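Work through the exercises below with the sequence and the model at hand, and try each task before reading its solution.

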Amino acid sequence: MKELLEIKEITKVFGEGTVNEKVALNHVNLALYAGDFVTVIGNNGAGKSTLLNCIAGVHTIDKGAILLDGRDISRLPEHKRARWMGRVFQDPLKGTAFDMTIEENLAIAYYKNKTRGLKPGITAKDRELFREKLAMLDMGLENKMTQKVKLLSGGQRQALTLFMAAITEPQILLLDEHTAALDPAAASKVLALTDRFAENPELCTLMITHNMRDALRHGNRTILMKDGQIVMDISGEERSKMTVEKLIDTFSIDNDRMLL
């Protein structure tokens with residue numbers, strides 16, 4: 001199996017030397033492979049979002065190294081890492097240009113890593129491709145391509161954002177509680193789409209969730225973070241036998257802050 005992302009002894013401290021000093025990541029090590037779909041759980045403040053932000057380049061690590069496909073990207077800025085990474089946030093408003101149409105948003109995503117030359121904005125060939133791809137979502141968006149994104153429901157917008165992140169063919173897909181703001185039906189639909197996109201054997205997906213059942217139901221690995229460290233990394237038979245109750249008992253997970 002091909003090692004795609006290697007996180008080596010990374011540390012991130014906020015407010016260092018002040019009364020508000022917080023060690024968000026404490027010598028974290030993690031190896032992720034092409035085809036991995038890793039769910040990430042932990043109490044609030046455990047370091048989950050900080051880990052994703054350090055991988056994406058939003059935060060600069062203080063110590064350690066991040067290697068992507070053998071390349072050291074530790075000091076690369078966020079916009080340079082974006083060519084290899086797709087990201088979906090908790091807020092459905094964050095991943096799209098809400099005052100632009102569906103097809104305009106798709107064009108921005110689709111050509112992010114491509115050279116367009118002197119071609120016009122959106123061609124008939126583009127529209128045909130977008131329509132064909134959107135039909136995969138089974139939401140009827142292929143018939144609404146000239147509609148502005150701000151008119152979509154939260155579930156439709158998040159599905160579109162996920163689709164836009166995947167259409168760029170990234171090596172890493174980062175999902176930061178991307179279903180938390182959705183109603184149960186919409187969340188179920190978006191998670192089903194997530195499973196489909198994560199089947200790409202060349203892609204590594206990391207999904208933060210506060211829903212422990214979802215964490216064990218989706219993907220092939222689950223890691224638990226606590227106090228800025230990874231305290232559990234399970235897969236295979238061990239994961240298949242893990243239950244929410246065992247997680248709570250073993251790692252004293254705060255029930256009030258995590259959904260069953």
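Helices (H or I, at least four residues) and strands (E, at least two) are DSSP runs, numbered from the N terminus. This is a predicted model, in which local features need pLDDT of at least 70 and side-chain atom pairs count only at pLDDT 80 or more, while totals for chains, interfaces and linings use all residues. Residues are numbered from 1 along each chain as its sequence is written, and side-chain values use heavy atoms, with hydrogens and water left out.

**Exercise 1.** Locate Asp176 and decide whether it is buried or exposed.

*Solution.* Begin with the secondary structure, where Asp176 belongs to strand E7, which covers residues 172-176. Next, recall that buried means under 20% relative accessible area, exposed over 50% and partly exposed in between (1.4 Å probe, protein chains only). Asp176 has 10% relative accessibility and therefore counts as buried. Finally, list its contacts (heavy atoms within 4.5 Å): leaving aside neighbours within four places in sequence, Asp176 touches Ser49, Leu52, Arg87, Val88, Phe89, Gln90 and Ile208.

**Exercise 2.** Place Leu191 in the fold and find which residues are in contact with it.

*Solution.* Start from helix H6, residues 184-198, which contains Leu191. Its relative accessible area is 6%, so Leu191 is buried. Then, with neighbours within four places in sequence left aside, the contacts of Leu191 are His178, Thr179, Met207, Asp214 and His218.
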